[in-house]
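Visitor: Please take me through the features of this model one by one, giving the general idea before the particular case.

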Amino acid sequence: MVEFALDHAWLVPLLPALSFLIIVFLTRQFKLLSGLVCVAGMVSAFVIAAYATYGVFTNHEFIEHSLEYSVRWFSLAPGVNVDVGVRLDPVSAMMMLMVTLVSSLIFIYALGYMEGEYGFSAFFSYLSLFGASMLLLVISSNLLEMFVAWELVGLCSYLLIGFYNHKISAREAAKKAFVTCRIADFGLLLGLLSLQIIFGTLNIGELAEKVPHFQQYTSAGVMTIVAVLIFLGPIGKSGQFPLHVWLPDAMEGPTPVSALIHAATMVVAGVYLVARTLFIFDAVPAVAQLIAVTGGFTAIFAASIAVTQRNLKRILAYSTISQLGYMMLALGVMSLSAGMFHLWTHAFFKALMFLCAGSVMHGIASHDDPDAFECGGLLKKMPITGVTFIIGGLAIAGIPPFAGFWSKDEILSVTLHSGHYVLFAMAACTAFLTAFYMWRMIFLVFLRDENPKIHAHESPLVMTGPLMALAVLASAGGLIGTPWANFWGEWIKYGDAHHAPPDYLVMGGSVVLAVAGISLAYYIYVKNLDLAHELARRFRGIHTLLLNKYYVDEIYLWFNHTFVDGAAKLLYLFDIYIVDGVIINGIGAITRETGGGLRIFQTGRLQNYALVFFLGVLAAAVILAMTSGASAASLLGGGVK
Amino acid sequence: MINLPELGIGVTHFVILSTLLFGIGLFGALAKRNAVMVLICIEIMLNAVNINLIAFSKFITPLAFVGQLWAMFVITVAAAEVGVGLAIIIAIYRNKLSIELDDFDWLKW
């Protein structure tokens with residue numbers, strides 16, 4: 001079975017694609033059947049992925065040199081061949097396992113959440129297509145294949161965000177996500193094309209061999225530009241500053257979509273791309289520094305915004321942006337294991353928290369993003385949701401032994417030990433803020449006194465089952481990477497395995513920060529809620545700035561209006577006045593004026609015409625007199641003597 | 001018979017006279033407003049041409065009086081033309097009640 005899975009790993013994206021086709025063409029009318037087909041596709045993909053992952057991790061050769069097989073896709077010119085294939089190394093195997101596992105759980109959850117929704121079958125067909133695309137992205141051996149899958153997940157994101165297409169906010173959010181990612185993908189495409197031109201291949205394995213010797217192919221300056229261009233793709237897809245603006249609006253989509261795409265899988269595609277092409281950034285350290293700074297800044301930027309937000313899913317969205325910043329930071333300091341470890345644990349606890357938020361929405365029978373200040377004491381009414389949400393909150397805050405502690409701690413220690421002290425400080429602040437805003441939400445929603453106006457009931461088992469499964473994963477998922485028994489670091493690494501002694505100072509420090517954040521949130525939001533409003537009033541300037549997301553959206557809108565609309569207006573004026581006015585109307589005017597001028601001769605008067613005859617004769621006579629007599633004589637009919 | 005060369009009159013004098021007359025007639029034909037005046041000026045032009053023809057005939061080929069014969073034809077044609085011209089003027093007058101040539105601008109754009 002393991003051999004079968006390893007050799008047929010291409011089945012993993014194919015099965016969800018098949019379920020997509022089945023739902024679209026065969027089971028449209030049968031809603032429950034469509035949902036079950038979708039779930040079955042992903043669960044079977046999970047089974048194969050699990051065997052394949054087991055096969056990769058127990059085979060030492062695959063850990064050092066990956067398993068790869070591919071077929072020729074097309075060739076543009078002799079020597080320019082593009083293959084598509086599967087590349088299974090520990091990173092891709094881990095991603096494959098995580099994506100199939102989390103997707104299966106979320107698909108099961110969606111069976112309950114989307115019950116009775118209009119477009120049920122279409123939703124599951126989009127989910128299947130997304131699953132297929134994401135898995136293709138994860139196992140692809142060739143950057144062009146990955147780019148195709150990249151665009152496909154962007155498309156699925158657009159379809160799923162705009163699923164409630166009767167709401168104009170959803171349609172706008174879908175467009176915003178697609179356009180923002182498109183800007184980033186343009187850079188990525190340029191980068192990929194440059195790679196193909198410079199190195200002649202887009203196969204990840206071949207590039208990994210060629211790029212460290214890039215001096216033979218091109219200059220350092222060009223390589224830097226190529227690396228920056230490639231990084232532009234993850235900036236958009238993974239919501240780094242400044243292209244993070246689409247992620248909070250993407251919460252317009254149904255909650256399973258937010259959990260799957262905008263927490264666990266699609267947004268980590270950018271992180272995964274950087275991880276796959278880390279050898280490029282290793283070759284140009286300046287760009288690696290850029291990645292680290294971008295990640296660190298994004299982390300603290302988004303965390304600061306999340307402190308003031310009121311809606312559950314929006315807080316979780318900013319939290320996602322912040323955690324993605326952490327992952328980028330880790331990759332930027334060249335620690336593949338720390339970045340991917342955080343990706344792994346974040347997928348579990350963030351998907352868990354999003355699904356819990358969806359459970360809350362389902363419980364209070366609302367489609368809109370609930371305001372945390374209006375909920376209260378839901379722990380009693382929705383115990384399973386509450387407990388699992390609290391587990392997720394403990395994980396993200398970084399309380400041991402939950403998953404988030406181990407991964408966040410590893411990021412902090414690699415940042416510190418690689419000498420990036422400012423980034424370490426930013427990451428530490430972000431850890432404190434993360435604990436604070438996450439527990440602010442938990443206290444407001446679950447652990448306050450009850451709000452009698454809210455009527456909530458616990459969600460059905462089809463929804464709470466995945467919650468419990470994810471809670472187990474969020475609790476135990478980090479134990480494979482503890483500093484004392486770092487299995488993760490042995491498998492997933494870039495270069496040599498990082499054997500560092502456990503840094504108790506950083507571990508202790510991060511726990512202190514987490515507990516401090518939780519305590520502060522407890523003090524303000526449970527004990528003394530008026531203090532929160534008082535603080536908001538006192539620091540109104542900062543509060544408004546953070547509440548309005550640093551006005552980034554407004555700045556972009558201004559930019560758009562001034563420059564894009566301005567350029568459009570200029571070209572419009574050019575079209576009206578110059579193309580229409582000068583050229584077209586000008587030609588017409590010339591004709592008209594010439595005609596007007598020549599018309600004067602048409603007086604209709606006989607004597608004027610006679611005058612013209614006379615003048616003509618006069619002119620002819622003068623010309624004949626001027627020229628030689630021979631021509632005159634020949635004209636007049638006489639002979640030439 | 002008058003002996004013109006003894007009087008010092010050569011062909012040049014007659015040509016100059018004919019040219020002047022032609023010029024006067026041409027000016028009048030182009031500048032006069034009254035249609036009848038234009039006809040008169042046309043007559044002047046024709047008569048100037050006649051003088052020219054006869055002078056050349058008399059001075060250059062006195063034995064072959066081609067020019068004088070040609071002048072007879074011109075007189076005849078002129079007379080016929082005047083008849084037709086006056087008929088046209090009367091026809092126009094009947095329709096437009098005017099014989100000012102300036103008024104006849106129907107071929108104007």
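Guide: A residue counts as buried if 20 or more other C-beta atoms, placed from the backbone, lie within 10 Å of its own, as exposed if 12 or fewer do, and as partly exposed in between. The model is predicted, and local features need pLDDT of at least 70 and side-chain atom pairs pLDDT 80 or more, while totals for chains, interfaces and linings use all residues. Residues are numbered from 1 along each chain as its sequence is written, with chains lettered from A and ligands numbered from 1 in the order in which they are written.

Visitor: What percentage of the 641 residues in chain A do buried residues make up?

Guide: For chain A, buried residues amount to 50% of the 641 residues, and for chain B they amount to 13% of its 109 residues.

Visitor: How many helices and strands are there in chain A, and how many has chain B?

Guide: Helices (DSSP H or I, at least four residues) and strands (E, at least two) are numbered from the N terminus. Chain A has 29 helices and four strands, whereas chain B has three helices and zero strands, so that chain B reads α-α-α along its sequence.

Visitor: Which share of the contacts in chain A with a separation of 6 or more comes from residues 24 or more positions apart?

Guide: Two residues are in contact if their C-beta atoms lie within 7 Å. In chain A, residues 24 or more positions apart account for 80% of the contacts with a separation of 6 or more; in chain B, 53% of the contacts between residues at least 6 apart in sequence join residues at least 24 apart.

Visitor: How many residues of chain B are in contact with chain A?

Guide: Eleven residues of chain B are in contact with ten residues of chain A. The side of chain B that touches chain A divides into eight nonpolar residues (Ala, Val, Leu, Ile, Met, Phe, Trp, Tyr, Cys, Pro), no polar ones (those left over, Gly among them) and three charged ones (Asp, Glu, Lys, Arg).

Visitor: At what angle do the axes of α5(A) and α17(A) cross?

Guide: Two packed helices are described by the angle between their axes and the distance between the axes. Axes are lines fitted to C-alpha atoms over the stretch in contact, with angles from 0 to 180 degrees between N-to-C directions. The axes of α5(A) and α17(A) come within 11 Å and cross at roughly 5°, which means that α5(A) is roughly parallel (under 35 degrees) to α17(A). Contributors to this contact include A:Met98, A:Val102 and A:Ile106 of α5(A), along with A:Trp344, A:Ala347 and A:Leu355 of α17(A), and its residues divide into twelve nonpolar, two polar and no charged. Helix α3 (residues 31–57) and helix α5 (residues 90–113) of chain A come within 8 Å, with their axes crossing at roughly 155°, so α3(A) is roughly antiparallel (over 145 degrees) to α5(A). By class, this contact of α3(A) with α5(A) has 20 nonpolar, five polar and no charged residues.

Visitor: Where is A:Met334 placed, and what is its phi?

Guide: Most residues other than glycine have a negative phi, and most peptide bonds are trans. A:Met334, in the loop between α16 (312–332) and α17 (336–363) of chain A, has a positive phi of about 65° although it is not a glycine, and is buried, with 20 other C-beta atoms within 10 Å. A:Tyr551 likewise has a positive phi, near 55°, and lies in the loop between α26 (540–547) and α27 (552–599) of chain A, but counts as exposed, with 12 C-beta neighbours inside 10 Å.

Visitor: Which residues does a cis peptide bond with omega of about 5° join?

Guide: That cis bond joins A:Phe241 and A:Pro242, and A:Pro242 lies in the loop between α10 (220–237) and α11 (246–249) of chain A. The peptide bond from A:Pro400 to A:Pro401 is also cis, with omega near -5°, and A:Pro401 is found in the loop between α19 (383–397) and α20 (403–417) of chain A.

Note on methods: Parallel < 35°, antiparallel > 145°, perpendicular 65-115°, else oblique.
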